[in-house]
Amino acid sequence: MKNALAIVTLSVLFSTGADLRAEPLAPADAAQPPQFIAKEGQKPPAAASQPANNKPAVEDKTDDPLPSVDLTEDLLFKLLRAELAYQRGDWQLAYVTMLVSAQETRDPRLARRAAEIALSVKQTGEALSAVRLWRELAPHSDEANQFYLGLVVLGENLAEAKPIFTERLREVRPQARGLLILQIQRLLVRTKDKNAAFTLLEELTAPYQNLVETHIALSQGAFAKNDLARARMESKKALEIKPDLEIAVLMLAQATPNSVDALHTLTAFLDKNPKSRDVRIAYAKTLIDDKQLEQARKQFEILLQEQPDDLTILYATGILAAQMNDREGAEKYLTTYLQKLEDNPDEERDPVQALLILSQISEDRKDFPAALKWLAQVEPGPAYLDAQVRSAQIMASAGDLNGARNLLNHLKPEGQREQIQVIVADAQLLRDANRVPEALAILSKGLERFPEDTGLLYDYAMLAEKAGRFDLMENALRKIMKLAPSNQHAYNALGYSFAERNIHLQEAHALIEKASKLAPEDPFIMDSMGWVYFRLGKLREAEDFLRRAYAIRPDVEIGVHLGEVLWVKGEKEAAQQLWREANQKDPQSDMLKNTLARLRTKL
């Protein structure tokens, strides 16, 4: 009776301990075995961190008898001290106490608790020691074996795991052996040494070459270690056994580096298996990667014919139509997607991107009320502030500047980033309305609140330049250089401003050169360098930089600069051609108009 009472009291102590813990009992994700590798007829154990019906979280039902333990005052004190130490953050004392108590009492539950304490702080070495003791005390515990396998695999101790894997594969029902092979592969793929893991997988599956799962597992393992040739070979063996196996052809295509060959593989499979949904989706995605957007869209439409209410395909087709600049198609599919989503809410699906695209489509056709209607459906969350700011910009475009600013003023941004976003948006509205002094005042007040925000400083500098306050611009840019010495935009902006005004050209060159070192492939920095060389009279160097910049990004301003260099060099026809291209892109370009007027020429 005394021993029975002791065991009951010990169980209560464990249950209480679960409430005291600051961390979950289950091992951290890095050490949690991904699959249950069961013996014949056994079910997966419940997660240790999710006890059901208030049962002790550490309960591990096995066929192993538990020892009779007298809950002496000394043992009770040790266990309570361990749990309290763990609660205070002293995991070492808790772990050692539990492990020693397990050794003394031979109770596997204490060894399990020691393992859980170590795993909760990601101490896999200590956890493995505790799990080894747990297995010794409860040799028939599948949960102990699960933890043991996960730890030895993650710890690269694959030789220890091999006998257990071998035994499980030998004992499991033949019908379940294929699934077990796939489970083993998913566990082994988590090791750092992919080659050693693959070698072990080969050895374990050698007796089971007639199973399609063996070749799928080997293909996945080979792919994990970047052996694409072996991955393809194993996928083909799987297809020889089961020609209509989707995962096999998907693995084969994934392991095929040449997109043309991958597409051919998927096409050939679909010709024989036209109802294969996953393969058709993969085919469409591969077509998108290969820039064959129209063909990809046809595949999505085939899928929609079979399942017109499929939210995933509706969304993908709408996004693809938007990328193809098919506004009508994008509107059709995304509107249907939102309607279906409203009829069948799905918390895992976010409608925000569809709402933003539909809003943009409406705005592009000057249907501002519709654009605002879509944005109004964006609910509070990560995209809410952006949607509200965009709504304000649309209202201003529609002529309601006061209403737009009022919308911004009634927002309640959280944190510095959001507050600055609203400040900048308000200033931008005023700038677009050509109320530059007021916009500058808004940013100036913002800098009083956030004097060291480099983004706000940069916006202030650019607006100060537009207002003709070059002193304010220079001070702001030099402050950015001190706060963020690697900010290439500040060096480039000040250097370009000097070059544009034809002053301090040597310093301008030095500033732009520093920007170029920080971002050597930036076409706008190349444009600045070309322009400063032009001001210095070095036309060959100027042309070289400007041509490189224009090749990377055929921007209007870069084209206007390059045209002026060629004009001065006497290549007037080439200059005119560049200016005509610029005019086609932006007929309202002030830079182009000013350049043509200054050079007294026309297109």
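**Exercise 1.** Find out which parts of the chain are linked by the salt bridge of Arg 106 and Glu 136.

*Solution.* Start with the contact: the side chains of Arg 106 and Glu 136 meet in a salt bridge, 2.7 Å from N to O. (Helices, H or I, at least four residues, and strands, E, at least two, are DSSP runs numbered from the N terminus.)

A quick note on the model: it's predicted, so local features need pLDDT of at least 70, side-chain atom pairs count only at pLDDT 80 or more, and totals for chains, interfaces and linings use all residues. Residues are numbered from 1 along each chain as its sequence is written, and side-chain values use heavy atoms, with hydrogens and water left out.

**Exercise 2.** Is Glu 234 buried or exposed?

*Solution.* First, its partner: Glu 234 forms a salt bridge with Arg 230 (2.8 Å, N to O). Both are in helix α11 (residues 228-241), 4 residues apart, about one helical turn. Now the area: Glu 234 has a relative accessible area of 1%, which means buried. (Buried is under 20% relative accessible area, exposed over 50%, partly exposed in between, with a 1.4 Å probe and protein chains only.)

**Exercise 3.** How many salt bridges does the structure hold?

*Solution.* The count is 35.

Technical notes:
Salt bridge = Lys/Arg side-chain N within 4 Å of Asp/Glu carboxyl O.
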